[in-house]
Amino acid sequence: MEEYDTIVIGGGPVGLRAAHLIAEAGFTVTVVEKNKEIGFPNHCSGLVSANFVSKYTEAQETVLNGIKGAMVTCENSTLEFKDAKFHAFAIDREKFDKLLAKKAVKDGVKILTGEEPESVKKNSRFTGIKLKSGKILQSRTFVIASGANSGVSKLFGLYNKPMEIIHTIQAEAEMEIPDKEIVYVFINKKLFGNWFGWIIPTGNNTVKVGLGTDKKEDIMKLFDRFISETEMLKNANIRKNPVAWIIPIGISQKTANLNALVAGDSATQVKPLSGGGLFTGMFGGEIAAQVIVSALKSNPESADLSKYETLVFEKITPTVKRGLILRKIYKTIPDKDKASFLEALDNPEAKKIITTYGDIDYPYLTGLKLLKFVRKPLLKYFTEMLRSAI
Ligand SMILES: Cc1cc2nc3c(=O)[nH]c(=O)nc-3n(C[C@H](O)[C@H](O)[C@H](O)COP(=O)(O)OP(=O)(O)OC[C@H]3O[C@@H](n4cnc5c(N)ncnc54)[C@H](O)[C@@H]3O)c2cc1C
């Protein structure tokens, strides 16, 4: 029977990052990935901050396009801003995951594709997992990083029900892009409920076009309406079948037990305002690796991973909490007022603040700096905002 120091369930970016760091520290690691191919199918837009790209060489090597600003549209109002420098990048998520895997394997990680756990059984020192193929693996520790839509955390008693699920659909398309250095965001409660639609340029005339919604409606129909009702998309040529997926929103309370912990989308380590989870999730994977390495070094016979929960509460939960406040405010405000906020921000001073401080990883800080421009129209939501902040 194969025995490991760590088994990681899920070969997405979070699991692969954790696996790589644990193997680099000298421990034996295997990743169990359900799909036959790492990185495929891909559901993600791959929009990441400049900070993310400078941190991960795998992101630098898979950049498709640089982004300097955005155009946000709501009702008849549009706010467009653009800086001289790149603030974000569209990366090729499939290649990014494959590169993470390649580098992890080079440093000793074993990857089993087309496999998934069926049951879990605790022995004295090791926990055994039986895979669907019948194979049995044993390990001292586990990282559950199987994404938003998997039941694996339940097998380990670490399931946290998200506060909200956002349903998404996205496709690749070819179209004429007015400016390929900005992303296009569409706010429209009738179409997207309390989420939004997007066009993210990935090349000279290629984009990712998609939408998210908290409405319980046929998402394919919403997608068709988005395409047909959006002037910019009238001549878009949708290249492949759209991919539907989900974004989990909330704060996970139970993220670790004695020898297993949960990270990334499986632990709702996702920004509640934008749904971005690469930055927070990979950071979660890094904390997971740090806790596992230290536990295995201090007591390999009986690792205790409960410290992970404390670290996540200190380092990730505050970002998610602030995002939840922004999301509550976003949900409260009707489109006509969102449109008037866009108008209030359509001036050189506000745009300067957005381009100077705008960071997709920390929208809260920019939001605070912009408050003075929208204070008056925001006043009527004061009570609701106060309630959200408590
Ligand atoms: C439409 C959309 C657009 C997005 N755009 C962005 C963006 O632009 N920027 C950003 O930062 N974030 C974005 N996100 C979020 C981002 O994709 C996720 O936060 C990120 O992929 C989380 O990584 P993960 O490793 O936790 O999960 P995943 O990437 O989902 O990886 C989980 C892996 O586990 C595997 N798995 C699942 N079940 C099992 C099982 N039972 N056994 C074994 N393996 C299993 C899966 O096959 C998968 O390979 C987007 C999400 C959506 C839905």
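How many helices and strands does the chain have? In this predicted model, the chain has 14 helices and 18 strands. The radius of gyration is 22 Å, close to the 21 Å that the globule rule gives for 390 residues, so the chain is as compact as a globular protein of that length. A ligand is surrounded by 38 residues, and the domain assignment divides the chain into three parts: domain 1 (2–43 + 93–161 + 250–315), domain 2 (65–87 + 163–248) and domain 3 (330–389).

**Overall dimensions and packing**

- The C-alpha trace of the chain spans about 65 × 45 × 40 Å along its principal axes.
- Buried residues make up 44% of the 390 residues of the chain.
- Of the contacts between residues at least 6 apart in sequence, 72% join residues at least 24 apart.

**Domains**

- Domain 1 is assigned as 2–43 + 93–161 + 250–315, domain 2 as 65–87 + 163–248, and domain 3 as 330–389.
- The contact between domain 1 and domain 3 takes four residues from domain 1 and four residues from domain 3.
- On the side of domain 1 that touches domain 3, two residues are nonpolar, two are polar and none is charged.
- The centres of domain 1 and domain 3, taken over C-alpha atoms, are separated by 37 Å.

**Ligand shell**

- The closest of the 38 residues around the ligand are Gly10, Gly12, Gly147, Gly264 and Gly277.
- By class, the shell comprises 20 polar, 14 nonpolar and four charged residues.
- Domain 1 and domain 2 each contribute at least three residues to the shell.
- Two helices, helix 1 (13–24) and helix 8, are among the elements that each supply at least two shell residues.
- Strand 2 (29–33), strand 3 (47–49), strand 12 (164–174) and strand 17 (243–249) also each supply at least two residues of the shell.

- Helix 8 covers residues 278–298, and its 21 residues should span 30 Å at 1.5 Å a residue; the end C-alpha atoms are 30 Å apart, which agrees.
- Because 16 of its 21 residues are buried, helix 8 is largely enclosed by the rest of the structure.
- Helix 8 is also one of the elements that supply at least two residues of the shell around the ligand.
- Helix 10 (residues 317–332) has 16 residues and reaches 22 Å from its first C-alpha to its last, close to the 22 Å expected at 1.5 Å a residue.
- The buried residues of helix 10 are Val320, Arg322, Gly323, Leu324 and Arg327.

**Proline 41 and its cis peptide bond**

- The peptide bond from phenylalanine 40 to proline 41 is cis, with omega near 0°.
- Proline 41 is located in the loop between strand 2 and strand 3.
- Proline 41 has 11 C-beta neighbours inside 10 Å and therefore counts as exposed, the cut-off being 12 or fewer.
- Although proline 41 and valine 243 are 202 residues apart along the chain, their C-alpha atoms are separated by 8.5 Å.

- Glutamate 75 has phi near 50°, a positive value in a residue other than glycine.
- The loop between strand 5 (69–74) and strand 6 (77–82) holds glutamate 75.
- Glutamate 75 counts as partly exposed because it has 16 C-beta neighbours inside 10 Å.
- Threonine 268 is not a glycine either, yet its phi is positive at about 45°.
- Threonine 268 sits in the loop between strand 18 and helix 8.
- Threonine 268 has 28 C-beta neighbours inside 10 Å, so it counts as buried, for which the cut-off is 20 or more.

**Lysine 254**

- Lysine 254 is in the loop between strand 17 and strand 18 (260–262).
- Lysine 254 counts as partly exposed because it has 14 C-beta neighbours inside 10 Å.
- Leaving out residues up to four places away in sequence, lysine 254 touches Leu158 and Asn160.
- Between lysine 254 and arginine 125 the C-alpha to C-alpha distance is 22 Å, with a sequence separation of 129 residues.

Conventions. Residues are numbered from 1 along each chain as its sequence is written. This is a predicted model: local features need pLDDT of at least 70, side-chain atom pairs count only at pLDDT 80 or more; totals for chains, interfaces and linings use all residues. Helices (H or I, at least four residues) and strands (E, at least two) are DSSP runs, numbered from the N terminus. The expected span of a helix is 1.5 Å times one less than its number of residues. A residue is near a molecule or strand if its C-beta atom, placed from the backbone, lies within 6 Å of it. Ala, Val, Leu, Ile, Met, Phe, Trp, Tyr, Cys and Pro count as nonpolar, Asp, Glu, Lys and Arg as charged, and the others, Gly among them, as polar. Domain bounds come from an automatic or database domain assignment. Two residues are in contact if their C-beta atoms, placed from the backbone, lie within 7 Å. The radius of gyration is taken over C-alpha atoms; the globule rule is 2.2 Å times the number of residues to the power 0.38.
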